[in-house]
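Have a look at the model while I get going.

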Amino acid sequence: MALLKIARMGHPVLQGGARAVDDPTRPEIARLVADMIETMHDAGGVGLAAPQVHVPLRIVVFRVPRARADDPDAVAGAHDGPVPLTVLINPVITPLGAERVTDWEACLSLPDLAGRVPRYCRIRYAGRDADGGTIERIAEGFHARVLQHECDHLDGILYPMRMPDLTSFGFADEVRRVAVGDDAPATE
Ligand code: NI
């Protein structure tokens with residue numbers, strides 16, 4: 001396994017659409033996924049998309065730590081709580097309802113920055129895992145937010161592009177001081 005270099009905002013690999021993976025079970029994909037997981041853990045992130053490591057393929061890895069799985073408005077039956085490390089290939093997201101919530105985000109491709117981003121509260125997502133199996137889940141809260149953030153990377157979208165109000169966009173250690181009562185940004 002190897003640590004991969006993370007592309008930062010401005011690099012063209014983050015700006016284009018990523019290609020679908022034709023066969024998730026190929027050994028090269030397994031190697032890439034293992035390196036993405038190692039890179040994400042090393043960088044202290046909760047999610048990483050393949051374009052962030054200069055590979056324009058539709059692959060994301062993510063997890064929801066227990067400390068983040070605290071949505072008090074969770075609807076019974078949704079996939080809430082901590083989510084173990086998940087590899088999602090060729091993901092498709094469908095919003096469930098129009099309701100959105102605005103909360104802090106950060107990104108490994110925008111080091112040290114954070115901002116408040118509106119995201120759908122509840123989504124369904126589907127895709128393949130690294131063994132070629134099918135994943136289909138309903139997510140809300142932070143889980144839904146991470147998925148929307150990571151899948152945006154596959155379409156060349158970074159979180160500031162989703163911010164209707166850039167007032168909250170800034171260096172995390174600065175904006176956190178005024179973010180009393182909010183969760184600190186997690187890095188995706
Ligand atoms: Ni990101």
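**Rings and a charge**

So, Arg100 sits over the face of Tyr120, 5.6 Å from the ring centre. The rule for a charge over a ring is NZ of Lys or CZ of Arg within 6 Å of the ring centre and within 35 degrees of the ring normal.

Quick housekeeping. This is a predicted model, with local features needing pLDDT of at least 70 and side-chain atom pairs counted only at pLDDT 80 or more, while totals for chains, interfaces and linings use all residues. Residues are numbered from 1 along each chain as its sequence is written, and side-chain values use heavy atoms, leaving out hydrogens and water.

Now, how many aromatic pairs does the structure hold? There are 2. Rings of Phe, Tyr and Trp (its six-membered ring) pair if their centres lie within 6.5 Å; planes under 30 degrees apart are stacked, over 60 edge-to-face, the rest tilted.

Phe62 and Tyr125 go edge-to-face, at 6.2 Å centre to centre with 75° between the planes. That pair links distant parts of the chain, 63 residues apart: Phe62 is in strand S2 (residues 59-64) and Tyr125 in strand S6 (residues 122-128). Strands here are DSSP runs of E, at least two residues, numbered from the N terminus; helices are H or I, at least four.

Buried or exposed? Phe62 is buried at 0% relative accessible area, and Tyr125 is buried at 0% too. Buried means under 20%, exposed over 50%, partly exposed in between (1.4 Å probe, protein chains only).

Then there's Tyr159 with Phe169, edge-to-face, 6.0 Å centre to centre and 80° between planes. Tyr159 is buried at 2%, whereas Phe169 is partly exposed at 27%.
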